[in-house]
Amino acid sequence: GKFPMWSDDPNGTTEFDSWDGDDATRKNYKLGGMKSVSSAFSKLDVAYNGDVSRLLDMCRETIYFETVADIHACLMSISQEPTVDIVRVKSTMQPIGEGSNYGARAPLWAGMPLVK
């Protein structure tokens, strides 16, 4: 997958590029963050009646995949990790260019809460 890059593009176009996880190049990427503790507690109270096992969206990351096969390969690789459970995949895939500000390449989005 590819990660969003920091950009000064006045049109708001997001560029994506592969990243090897190297700390030296991390500053080039607009990586997702973690949900704040206060937001997590609020969601537990309002939406989940205090059931911590239902709080699945602590990490927020966007990864661009060129194809469904690429998403599948990523999920299969993640599923091999014994400390992670893939409990839900949410995608807003759309045909290239439809309803997107990404020009000719519309990203395939996957929202993936991971827990264990």
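**Entry 1. Basis of the model**

I noted that this is a predicted model, in which local features need pLDDT of at least 70, side-chain atom pairs count only at pLDDT 80 or more, and totals for chains, interfaces and linings use all residues. Residues are numbered from 1 along each chain as its sequence is written, and side-chain values use heavy atoms, with hydrogens and water left out.

**Entry 2. Confidence**

I looked up pLDDT, the predictor's confidence in each residue, from 0 to 100. The protein chain averages 78, and 77% of the residues score at least 70. Among the elements, α1 has the highest mean pLDDT (92) and strand β5 (residues 110-111) the lowest (48). Over residues 102-112 pLDDT stays under 50. For that stretch the model has 44 contacts beyond four places in sequence, a contact being heavy atoms within 4.5 Å.

**Entry 3. Elements and overall totals**

I took helices (H or I, at least four residues) and strands (E, at least two) as DSSP runs, numbered from the N terminus. The protein chain has two helices and six strands, and their order from the N terminus is β-β-α-α-β-β-β-β. Of the 116 residues in the protein chain, 18% are buried. Among contacts with a separation of 6 or more, 52% join residues 24 or more positions apart. The protein chain exposes about 7,900 Å², and carbon and sulfur atoms supply 54% of that area. The areas come from the Shrake-Rupley method with a 1.4 Å probe; for residues, only the protein chains shown count as cover.

**Entry 4. Aromatic pairs**

I searched for pairs among the rings of Phe, Tyr and Trp (its six-membered ring), which pair if their centres lie within 6.5 Å; planes under 30 degrees apart count as stacked, over 60 as edge-to-face and the rest as tilted. The whole structure gives three such pairs. In one of them, the ring centres of Phe3 and Trp19 are 5.9 Å apart and the planes stand at 85°, so the pair is edge-to-face. Phe3 lies in strand β1 (residues 3-4) and Trp19 in the loop between β2 (16-17) and α1 (37-46), so the pair ties together parts that are 16 residues apart in sequence. Phe3 and Trp19 are both buried. Together with Tyr29 they form one aromatic cluster.

I then checked Thr25, which is in the loop between β2 and α1. Thr25 counts as partly exposed, at 26% relative accessibility. Apart from neighbours within four places in sequence, Thr25 is in contact with Trp19 and Asp20.

**Entry 5. The salt bridge**

How many salt bridges are there by the rule? I required a side-chain nitrogen of Lys or Arg within 4 Å of a carboxyl oxygen of Asp or Glu, and the count comes to one. The partners are Lys2 and Glu66, whose closest N and O atoms are 3.2 Å apart. Lys2 lies in the segment before β1 and Glu66 in the loop between α1 and α2, so the pair ties together parts that are 64 residues apart in sequence. Lys2 is partly exposed at 21%, and Glu66 is partly exposed at 40%.

**Entry 6. Residues around Met58**

Which residues does Lys35 contact beyond four places in sequence? I found Ala40, Lys43, Asp57, Met58 and Arg60. Lys35 lies in the loop between β2 and α1 and is buried, with a relative accessible area of 13%.

Gly33 is in the loop between β2 and α1 and is partly exposed at 38%. Leaving out residues up to four places away in sequence, Gly33 touches Met58, Cys59 and Arg60.

Ser39 is in helix α1 and counts as partly exposed at 35%. Its C-alpha atom is separated by 9.5 Å from that of Met58, 19 residues apart along the chain.

**Entry 7. Backbone at Asn49**

I returned to Asn49, which lies in the loop between α1 and α2 (68-79). Asn49 is not a glycine, yet its phi is positive, at about 50°. Most residues other than glycine have a negative phi.

Notes. Buried < 20%, exposed > 50% of the residue type's maximum accessible area, 1.4 Å probe, protein only.
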